Amino acid sequence: MNARLVSYDIGEVVLAFPLEGTQLAVGREADNDIQLPHEKVSKHHAVLRRAKDRWCIEDLKSTNGIFVNSEKVHLVELRHGDRVNIGPYELRFEMKAPADQWVPSYLMDLSPKIHEQTSMQTKPPNEG
């Protein structure tokens with residue numbers, strides 16, 4: 001089963017998150033399985049759970065909620081083609097992703113604080 005959450009832009013895949021395992025955390029922080037770095041996404045926004053061949057999404061009391069097919073939900077079983085909105089992200093739930101469109105995506109936290117920490121850690125030592 002090739003389940004995934006995917007975002008399209010004019011018919012092209014721009015983000016794709018393979019759904020593997022039995023539970024995936026979704027949120028803004030880097031410790032989530034699916035990181036969606038935006039201020040309208042809570043640090044720990046939602047959880048995806050698999051039971052056999054079915055996936056459910058549950059809101060973890062996030063500030064802005066989860067919308068599935070334009071309806072605000074707390075806990076819902078996802079069906080192929082459902083539109084899942086989390087903050088500004090619109091992701092489509094797909095159960096049978098075509099092999100040629102399987103594009104895993106990994107987002108990085110590009111906030112200024114993270115950038116400053118990385119810059120400080122990667123500066124070469126002063127030569128004297």
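What share of the 128 residues of the chain counts as buried? I started my notebook with that one, and the answer is 34%. A reminder to myself: this is a predicted model, so every value below is computed from it.

**Entry: the layout**

I looked up the elements next. The chain has eleven strands and one helix.

**Entry: surface and contacts**

I noted an accessible surface of about 8500 Å² for the chain. Carbon and sulfur atoms hold 49% of that surface. Then I turned to contacts with a separation of 6 or more: 39% of them join residues 24 or more positions apart.

**Entry: the core**

Which residues have the most contacts inside the largest nonpolar core? I found L19, L36, L48 and I57, in a core of 24 residues. Several strands supply at least two residues each, among them strand 2 (12-18), strand 3 (23-27), strand 5 (46-51) and strand 6 (54-59). Strand 11 gives the most, with three residues.

**Entry: salt bridges**

How many salt bridges does the structure hold? I have four in my notes, and I followed up some of them.

One of them joins the side chains of E58 and R49, at 2.5 Å from N to O. Is R49 exposed or partly exposed? Its relative accessibility is 34%, so R49 counts as partly exposed, between the cut-offs of 20% and 50%.

Next I went to E77, whose side chain meets that of R54 at 3.8 Å, N to O. E77 lies in strand 9 (residues 75-78) and R54 in strand 6, so this pair ties together parts that are 23 residues apart in sequence. E77 is partly exposed, with a relative accessible area of 28%. R54, at 52% relative accessibility, counts as exposed.

E77 has another partner: its side chain and that of R79 form a salt bridge of 3.7 Å, N to O. R79 is exposed, at 54% relative accessible area. Which residues do the shared partners join into one network? I wrote down R54, E77 and R79, with E77 taking part in the bridge to R54 and in the bridge to R79.

Definitions and conventions. Residues are numbered from 1 along each chain as its sequence is written. This is a predicted model: local features need pLDDT of at least 70, side-chain atom pairs count only at pLDDT 80 or more; totals for chains, interfaces and linings use all residues. Side-chain values use heavy atoms; hydrogens and water are left out. A nonpolar core is a set of buried Ala, Val, Leu, Ile, Met, Phe, Trp, Tyr and Cys residues joined through side-chain atoms within 4.5 Å. Buried means under 20% relative accessible area, exposed over 50%, partly exposed in between (1.4 Å probe, protein chains only). Helices (H or I, at least four residues) and strands (E, at least two) are DSSP runs, numbered from the N terminus. Contact means heavy atoms within 4.5 Å. Accessible areas come from the Shrake-Rupley method with a 1.4 Å probe; for residues, only the protein chains shown count as cover.
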